[in-house]
Amino acid sequence: MKASTKFKTKGISLTLLIGSLFLNSCKDDFLNLEPKGRSIAEITEDFDLLLNSTQPLIFLNSIAYLGDEVVALDPYYSGAPLFNQRFFSYEDEIYLPDQEAFEFLNLSNGLYLYNKIINEVMASQGGTDQQKRSIRAEALVGRAWANFMMINLYTKPYVRATAANDPGIIMLREANVNAGNFTRGKLQEAYDWVINDLETALPDLPEQTSGRMRAGKITAEALLGKIYFMMARYDEALPLLSSSIARVPNEKIPLGLYDFAKELRSGGAFSPINPLFGPNRNMIQNIDRETIFLRFNRNGDYWITSNIILSKETMALLSAGDRRRAFTNRTIVTMDVLRDGMARAFGKYTQNNGLNLSEIYLQLAECQARAGDLAAAVQTIEALRVKRMPEAEAKVPATIAADRSALVRFILDEGIRETFMTGYRWFEMRRLSVDDEFKDHVKMEHPVYDRAGKIVKTFTLRPERFTLRYPQYIKNTNPGLEQNP
């Protein structure tokens, strides 16, 4: 079913209602989501169709401004929206006092929808108990993903020793438009919640996913593995990530790593290649084979604007034969040639912040390397690399393959090569910032260059800004809500 399809329940347009989750949210009450008319859905089929809506799934490209693989370029950076500039400069306050925080708004709208389904579908009419349990399980996966994103935006990086006392997230368990005066739980409580949602969902999820916006067992296993991975519980993440990859050949939807050598040629999936906009990889909403779970954003800096670009250090990680270079260009839209090895990223205006198959390979390889299974880690990471570059170049150098620490660093670098300017690196930076062995892999400065390649200013990332502050309008209406430093 396409996202634009409309259907009626008891005379109510569900498409219109889902849109109202966005339009009715205001600065005075971030959960001012009162539906117009009667219940959103009453029959089981309608709850199922609600899971096809794309509107609550949109994330925000601003997270890409936080990564250490990018730098800013003036005069374009100075013309970017103010909130994007503030993301890049690691400001305490990102939004103006009366300005909605889009990432919080979109995630909380999604939570409203998922809670509605979770709490009401079992009492719906017309479906079997198995159908209802399956729909509820998919909504639990959606809620787990949205809360996991909230955790990675609004809480400190996870440290097991302090998580029981560190502030967590607002625990939205009900679709209650009259709720208010929200407070925060603890960080460990938040992680326990998302883990429990996924473990509860797993037995009732379909063996095969019916679409990239929908969830199956592969989705829950991959997401649960990723959550343990971000908690640095690598031994628990490893079997889940391995199991999710093993499910790929048996999925109903086409899943697999793209061979860039094939897809960048004429007639390939990424063709035609536009000299201004790059390879055509903007089909993720429907057919991208590497998308396991679709939760998308649209990133103008990966398409037209050049407010942020790839640093020379990032470009140096891409070897001459690395076909991911096809998604970079030394010439920006105004036809200026970038200096000092920097490049513009292009070709992926629409991106996925849900679950991508390539990131599961990256996480599994790192888990294997950290566990000391270097041969398995090399095999896993080479399975990804051989799809991105010539086979001889894809081999991990022998000196690195035999050294645990060097191999982990190689895999971390591979993550930058694979995911630049998607926002993925920001979450990696948070995780590594509390890892004593690998925290030096995180750069703590954001330079701004002029078109001549000269640094004109530099912003420093302070440790407290690995956590975003709650927007002021939310704090104003919830005086008991603990604010981040």
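## Lining of the largest cavity

Four elements, β11 (350–352), α11 (357–370), α15 (404–419) and α16 (424–433), each contribute at least two residues to the lining of the largest cavity. Helices (H or I, at least four residues) and strands (E, at least two) are DSSP runs numbered from the N terminus. The lining comprises 28 residues, and nearest the centre of the cavity are Lys-348, Asn-356, Glu-418, Thr-419 and Thr-422. By class, the lining holds 8 nonpolar, 11 polar and 9 charged residues; Ala, Val, Leu, Ile, Met, Phe, Trp, Tyr, Cys and Pro count as nonpolar, Asp, Glu, Lys and Arg as charged, and the others, Gly among them, as polar.

The volume of this largest cavity is about 400 Å³.

## Basis of the values

The model is predicted: local features need pLDDT of at least 70, side-chain atom pairs count only at pLDDT 80 or more, and totals for chains, interfaces and linings use all residues. Residues are numbered from 1 along each chain as its sequence is written, and side-chain values use heavy atoms, with hydrogens and water left out.

On a 1 Å grid over the protein atoms alone, a cavity is a set of points where a 1.4 Å probe fits but cannot get out, a pocket is an open set with protein on both sides within 12 Å along at least five of seven lines, and lining residues have an atom within 4 Å of a point. Grid points are joined across faces, edges and corners, and a volume is the space filled by probe spheres set on the points.

## Other spaces

There are 10 cavities of 30 Å³ or more in the structure. The second largest cavity holds about 80 Å³, and its lining includes Phe-87, Tyr-154 and Arg-469. That lining has 8 nonpolar and 4 charged residues, and no polar ones.

The second largest pocket has a volume of about 240 Å³. It is lined by 16 residues, with Lys-156, Pro-157, Pro-463, Glu-464 and Thr-467 closest to its centre.
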